[in-house]
Amino acid sequence: MMKIAMLGSGFIGRFYADSIQGNRSGDKIVSIYSRREESAKKFAADYAVAHWTLNMEESIANPDVNMVCIALPNNLHEEAVMLCCKHKKAVITTKPLGRNAAEAKRMLDAVEQAGIFNGYLEDLVYTPKFLKAQESVQKGSLGRILWAKSRETHPGPHSNWFWDLEQAGGGCILDLGCHCVEISRGYIGKDIKPVEVMCWADTQVKPIDAEDHAIGLVKFENGAIGQFEVSWTFRGGLDLRDEVMGTEGTIWINSFLRTGFEMFTSGKSADYLAEKAESNSGWLFPVGDELNELGYNHMFLDMFSAFEKGRAPKETFYDGYVVNAVLDAAYKSSKSKLWEPVQLEDWRGRTGVGKDSHLTEYDADHYFVKEEVTHYGAKKLILKNKASGKFIEKVVEE
Ligand SMILES: NC(=O)c1ccc[n+]([C@@H]2O[C@H](COP(=O)([O-])OP(=O)(O)OC[C@H]3O[C@@H](n4cnc5c(N)ncnc54)[C@H](O)[C@@H]3O)[C@@H](O)[C@H]2O)c1
């Protein structure tokens, strides 16, 4: 049974608490650390938490606690992780792990040296749709994965610190791109090295020093391409979509808007609809079970089961570090306007993976290009002669 110290009582701390304590499990939050007494007490009352404190270390060191969950602004993750190492407490941390790869690497090294359990709370690779899609990909339903695109765009974050470059460490690339990069890795294969990034970023709308809109391409060692599309300027809610293309198939996932649940209301009850929804009247796109559809339930199930069974969870600090390294390259590229290498001083996946071949053998003399049945009933085969390089057609009457 988990006895958790929750650090942070804000937006994500409450989503996590709803998920952890929402399903009649025995897992409990036993201590809450928050900056302000009022919010610590309110969280403690709302979630029946026995202990609240304004001292982070006191919460971590609490002898009842067997795992610490970090739900603090990005600039406080490292301090919290170091305290978990000092007190040898298992730690799970929200995304992004660090504000950059150097910070993430220090956290990774520290938890590994301390020998403590570490989990990276990347909820969007635990959504039921993603898990099913990933299973299909891993079973080969899509063939060789060529392109994995993920988009997260919304009208901007809900707290002041996100907008401050120093505290947040970046704009929408870091805040939302971290999800998208891990989603692409999840489809392409986490053992395949991300090697280079090309990224456009700009500040188009908000009065901030960071970027509020960006599009990036992440090249992998096997020739697959990841793509992220992120924005804090999108109007219309929270747009979460993945597109995966393989040699044998395609997956399109829409996780939040237009998921098949559409509702019209004049706005009479004007209730909460879903995260970052911009309206509660007119035609709306509600989300059936937000905690589940955002992956929180499956994420904590994996984290807690892994802890109890003494195995690593599916997402660890190492994954958080890789994501930060990819995003560092994206920031560099957005300035240099060049493909920038992903600097991974610690790579634990496969090495020396060549680009997959695009040559499919048809017979001894030909490569296969494509086959199509036409509207006039003929089956056409397009082949390439290996020796001459010429393309030929073979028509097979049906
Ligand atoms: N889907 C997700 O995984 C997801 C979604 C939202 C946020 N997050 C992450 O969760 C973390 C927290 O974000 P949030 O949305 O909950 O923010 P928030 O502002 O809603 O809450 C932050 C919490 O930290 C506390 N806090 C703020 N500044 C502090 C300070 N200087 N010292 C001590 N405590 C301070 C606040 O009181 C609050 O309890 C961030 O790292 C963010 O990227 C993850």
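1. Starting with the layout: the C-alpha centres of domain 1 and domain 2 lie 24 Å apart. The chain is split into domain 1 (3–124), domain 2 (136–294 + 317–341) and domain 3 (361–397), with bounds from an automatic or database domain assignment.

2. Keep in mind that this is a predicted model, where local features need pLDDT of at least 70, side-chain atom pairs count only at pLDDT 80 or more, and totals for chains, interfaces and linings use all residues. Residues are numbered from 1 along each chain as its sequence is written.

3. On the contact between domains, 26 residues of domain 1 are in contact with 24 residues of domain 2 (contact: C-beta atoms, placed from the backbone, within 7 Å). On the domain 1 side, helix H1 (11–21), H5 and S6 each give two or more residues, and H5 has the largest share, six residues. Helices (H or I, at least four residues) and strands (E, at least two) are DSSP runs, numbered from the N terminus.

4. Now the inside. The largest nonpolar core has 95 residues, and Ile-4, Met-6, Leu-7, Val-68, Cys-69 and Val-326 have the most contacts inside it. Such a core is a set of buried Ala, Val, Leu, Ile, Met, Phe, Trp, Tyr and Cys residues joined through C-beta atoms within 7 Å; buried means 20 or more other C-beta atoms within 10 Å of a residue's own, exposed 12 or fewer, and partly exposed in between, with C-beta atoms placed from the backbone. Helix H12 (residues 317–336) supplies the largest share of this core, eleven residues. Domains 1 and 2 both give residues to this core, so it lies between them.

Conventions: Two residues are in contact if their C-beta atoms, placed from the backbone, lie within 7 Å.
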